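Here's a quick briefing to read with the structure open beside you. Have a look at the fold before going on to the notes.

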Amino acid sequence: MDQLLKAQDVVSYIGPYTILHGVSLEVGHGEAVAILGRNGAGKTTFLKTVMGLVKTRSGILELDGKSVTGMEPHLIQRMGIGYVPEDYGIFDLLTVEENFRIAMWKEDKETLERRDYVLDLFPDLKLAYKRFARNLSGGQRQMLSIGRALVNDNKILLVDEPSKGLAPVIIESLAQALIEIRSHTTVLLVEQNFALACAVGQRFYIINEGRTVESGLMEDLVKDKELQALHLGI
Amino acid sequence: MGTFVTLIINGLAQGALIFLMASGLSIILGMMGVVNFSHGTLFLWGGYSYVWSYYAIRFSVVMRLFPDAVPLTRFGSILTIRGVQLPPDAALPFVVELGIFLAALAFAVVLVFALGYVFEKLFISRVYGNIPAQILITLGIQVVFTDLVRVIWGPNPFPIERPPFLNGVTAFGGARIVHYNVFLIIVGAVIAVVIHRVLTRSKVGMVIRAGLQNPDHVRAIGINIRGYFSLVFACGAALAGLGGALYMPLVGNVVSTAGMSNQILAFIVVVVGGLGSFMGSALGSVFLGLMGVAIAMLIPGLSVVANVLVMALVLIFKPDGLFGLAVKKHG
């Protein structure tokens, strides 16, 4: 499979603290890959490092063969990375419509078609389209965050803990949406909810203490109870 | 009743001036997280550059049209300000007076916009996220550029006049309506509507509102927010410059301490109104303006104390300000 995102021995830091000590992974075109690990392992920091929101000390980060290491976040995003942050990143002072519009690279026919696709995927957003985002529920905010990242012609979608703080019934519909999304978009998912990660991811990487420690097919991890207990505490 | 109307108009005019200063300060502080103590000096530069350009243009126009006009006493230092007395029964046409006034205002606003842009690029951009450094560097700018005003235009206050077409008073039902105050209210209202429309109807406004909440998320959706920071800072500076330009003719003299005193008022409005809130800046400015003239009439010695007292009460009972953003602030 063609390689789309490549991280090799990535070391990154926040202030005086080194958070990632050597993360390596690859995501191919059209794949859905899950990053797993315990709390504080460095999963969220890895996504932020890819986006340029956390500074890289060493290592290689490439998208489609082009280096994104050390680039400004807005330039990385424009190279084709849609990012769904852990806290949704919704702008409360904007309406749902404005949250879409501010994220659009351009408001052409293709972009508006993608927005319509998102609104079909998440009908709640269509109903709340003119409302201020501060009035949305947690589930709706997550839908908006994912939908907003889909309006551009991105090459890959980075999704950080989409199930966090959501009710089980919402997580279930979110899983369905992510499965639908992965059919035409490459997805890199960070997730603590093992069931959701298994439902969406085809391959996995486990990060522990800022390092990649395991990788493989998701179906193998599902069977490997020992590995689950060792690194995921399941 | 007449006194009441006079007070309301005077208070609204004061509020309009404070609003010009506070609205930019509030957005700079809310969106960029920059504690900007150089706002007062931008106000001052607006005032001095307006006065200098107004008198320079008017002197040149009058001397060309009326060669027997009499030049008046010269004020200033490196740059001088000189009035001119028209011959008896002579007057400049209204359109010419208006043109001179608008040209001088435009000069002041453009100059201070450019100053703000340069300040952001040279100094502010180096201290994002570092509040102690911001306070030191903007205070440094305040001191240096205020002294520069004194070097360029001299340290002493000097009197100035309002444009003749704004220099009247109308008696109406016992009230004394100063034309310049009505003009200030109209300018304040127009600027408020323009800012509101930009914030609510344009992509720039969307980015500003989003940036008020979380600049990092704005960057992560592909927007170069640092570019917007320069623009916002320069626009905030231009508003302060316009405030300074309109303030000098109101008080009738030019004094180099005006920047700091008005900056303190603007900071009080930002605290009272709520950080980054347009509505807070607008209503807070009107409130402080009205309260200022009322206190000045009733208990003149307490006008500064009253402002600080209001700020203290708001900080105690509503620390986010009366119209603080109803969002969780990040980043």
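This is a predicted model: local features need pLDDT of at least 70, side-chain atom pairs count only at pLDDT 80 or more; totals for chains, interfaces and linings use all residues.

**Confidence in chain B**
- Chain B has a mean pLDDT of 90, with 98% of its residues at 70 or more.
- Within chain B, helix 3 (residues 94-122) of chain B has the highest confidence, at 97, while helix 11 (residues 303-317) of chain B has the lowest, at a mean of 86.

**Where the chains touch**
- Chain A puts 19 residues into the contact, and chain B puts in 18 residues.
- On the chain A side, helix 2 (73-78) and helix 3 (96-103) of chain A are the elements that give two or more residues.
- Sorted by class, that side of chain A holds 11 nonpolar, three polar and five charged residues.

**Helices 9 and 10 of chain B**
- Helix 9 (residues 258-273) of chain B packs against helix 10 (residues 278-298) of chain B at an angle of about 120°, and their axes are 8 Å apart.
- From helix 9 of chain B come Leu265(B), Ile268(B), Val269(B), Val272(B) and Gly273(B), which meet residues of helix 10 of chain B including Gly280(B), Leu283(B), Gly284(B) and Leu288(B).
- The residues of this helix 9 and helix 10 contact in chain B split into six nonpolar, five polar and no charged.

Terms used
Residues are numbered from 1 along each chain as its sequence is written. Chains are lettered from A and ligands numbered from 1 in the order in which they are written. Axes are lines fitted to C-alpha atoms, for helices over the stretch in contact, and angles run from 0 to 180 degrees between N-to-C directions. Helices (H or I, at least four residues) and strands (E, at least two) are DSSP runs, numbered from the N terminus. Two residues are in contact if their C-beta atoms, placed from the backbone, lie within 7 Å. Ala, Val, Leu, Ile, Met, Phe, Trp, Tyr, Cys and Pro count as nonpolar, Asp, Glu, Lys and Arg as charged, and the others, Gly among them, as polar. pLDDT is the predictor's confidence in each residue, from 0 to 100.
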